[in-house]
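Welcome, and thanks for taking a look at this one with us. Here is a short briefing to read with the model open beside you.

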Amino acid sequence: MNISKQTIEKLYTTRNLSDEELLSLLACDTWDALLFSLADKVRRSVYGDAVYIRGLIEFSNFCKNNCYYCGIRAGNTGATRYRLSPEEILSCCKEGYRLGMRTFVLQSGEDPFYSDELLCHIITNIKSNFPDCAITLSVGEKSRESYQAYFDAGAARYLLRHEAAADALYNRLHPASMSASGRRQCLKDLKSIGYQVGAGFMVGAPFQTLSDLIHDLRFLQSLDPDMIGIGPYLTHSQTPLHMHENGSLALTLRLLAILRLMFPHALLPATTALATVAPDGREKGLKAGANVIMPNLSPVSVRQLYDIYENKNCTGAESAQCSDILRIQIEKAGYRMVTDIGNVKRPL
Ligand code: 5AD
């Protein structure tokens, strides 16, 4: 099917398209400039020129899972593993607070070392030191009871990418011990507990087709998340899928713009993977509808060890310590760096 200007305008006004129209749009680069400018118009109507900053603390790269694409998978015996202590995590937050950050994202592999008790202790500790900050957790699949305990301890947001909504694709990317439905259930549990929830997926993942991406968009419509994190798939030599090519910048940007038009109120990060696939990836992501950046706050000594993919960008403007460079990058792109708590703006 040929995409017409009217189809893009329909997406802009109705926030939706048919599967066939979406498929054609994903495959077509003719209208990218129009798509990005409408996405920018929508993001400005909801969020103005604000780009929210979240401090990312990658506190452990131990993982019990074996996702076929991920560099910190349990089966990668070549990975150098690390864990941060509660004190080290707190000092990352101190540094972030000093830099103006009011949201901390605590991310790790699925590491059983951090029991619910320990995680709750870490959360309570951060909350009592920084009561004006939001804590986002991103520690994988847990029971509803565990999610509830973290929420009660003070974590208000949770990021758990659904990775792939289509079962067949999910199963080609993950071992049999993991399932797309289990993942979706976690997201529903998180939502029903009251978290602001983030889902998402990789773009250009091995075996992924455009119709898999339609599944992802439909799943997101049914979940209605507060945040949607997408970034290109990037190869890692120590994984079973190492021979697959990186996802493309162009398709990631097109999807970001489509997401902004379908989900005007969503928080959409310009991810580190986007900044890794192209030097100006993050700036382009902002111009295509993204409105969040998560600079790395982990201790510099461990930053390269959290290598879910290779050549990760984490010592330049992606790093929290380079917030002046980041601010200038954001301003050059036409936006404004905002360090406040940055809650989702849902329609009343
Ligand atoms: N390339 C890009 N993204 C990856 N992730 C994991 N491995 C890779 C990779 N090789 C993403 C997953 C995960 C998030 C933390 O990073 O989507 O949810």
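The largest nonpolar core holds 105 residues, and within this core I57, F104, I126 and Y150 touch the most other members. Helix 10, residues 249-262, supplies the largest share of this core, with ten residues. Please keep in mind that this is a predicted model.

**The cores**

- Nonpolar side chains tend to be buried together in soluble globular proteins.

**The chain as a whole**

- The protein chain is built with 14 helices and nine strands.
- A compact globule of 348 residues would have a radius of gyration near 20 Å, and the protein chain agrees with that at 19 Å.
- Along the principal axes, the C-alpha atoms fill a box of roughly 55 × 45 × 35 Å.
- Of the 348 residues, 59% count as buried.
- If you look at contacts between residues at least 6 apart in sequence, 75% of them join residues at least 24 apart.

**Surface and charge**

- The accessible surface of the protein chain is about 13,600 Å², and carbon and sulfur atoms account for 52% of that surface.
- There are 37 positive and 36 negative side chains in the protein chain, and the centres of these two sets lie 4 Å apart.

- S108 is part of strand 3, which covers residues 103-108.
- Is S108 buried or exposed? With a relative accessibility of 10%, which is under the 20% cut-off, S108 counts as buried.
- Setting aside neighbours within four places in sequence, S108 is in contact with F59, S60, S138, V139 and Y306.
- L286 sits in helix 12, residues 281-287.
- The relative accessibility of L286 is 2%, so L286 counts as buried.
- Which residues does L286 touch, not counting those up to four places away in sequence? They are R43, V51, A270, N291, I293, I330, A333 and Y335.
- L286 and H265 are 21 residues apart along the chain, and their C-alpha atoms are separated by 15 Å.

**A residue of helix 10**

- A250 lies in helix 10, the helix that gives the largest share of the 105-residue core.
- A250 itself counts as partly exposed, because its relative accessibility is 39%.
- A250 and G285 are 35 residues apart in sequence, while their C-alpha atoms are 10.0 Å apart in space.

**Two loop residues with positive phi**

- R15 is not a glycine, yet R15 has a positive phi of about 60°.
- You will find R15 in the loop between helix 1 (5-14) and helix 2 (19-26).
- R15 has 42% relative accessibility and therefore counts as partly exposed.
- N311, also a residue other than glycine, has a positive phi near 60°.
- The loop that holds N311 runs between helix 13 (300-303) and helix 14 (323-332).
- Why does N311 count as exposed? N311 has a relative accessibility of 69%, and exposed means over 50%.

Technical notes
Residues numbered from 1 in each chain as written. Predicted model: local features only at pLDDT ≥ 70, side-chain atom pairs only at ≥ 80, totals over all residues. Heavy atoms only, no water. Helix = DSSP H or I, 4+ residues; strand = E, 2+ residues; numbered from the N terminus. Rg over C-alpha atoms; globule rule 2.2 N^0.38 Å. Buried < 20%, exposed > 50% of the residue type's maximum accessible area, 1.4 Å probe, protein only. Contact = heavy atoms within 4.5 Å. Areas by Shrake-Rupley, 256 points an atom, 1.4 Å probe, with all protein chains shown as cover. Lys, Arg positive; Asp, Glu negative; His and termini not counted. Charge placed at Lys NZ, Arg CZ, Asp CG, Glu CD. Core = buried A, V, L, I, M, F, W, Y, C linked by side-chain atoms within 4.5 Å.
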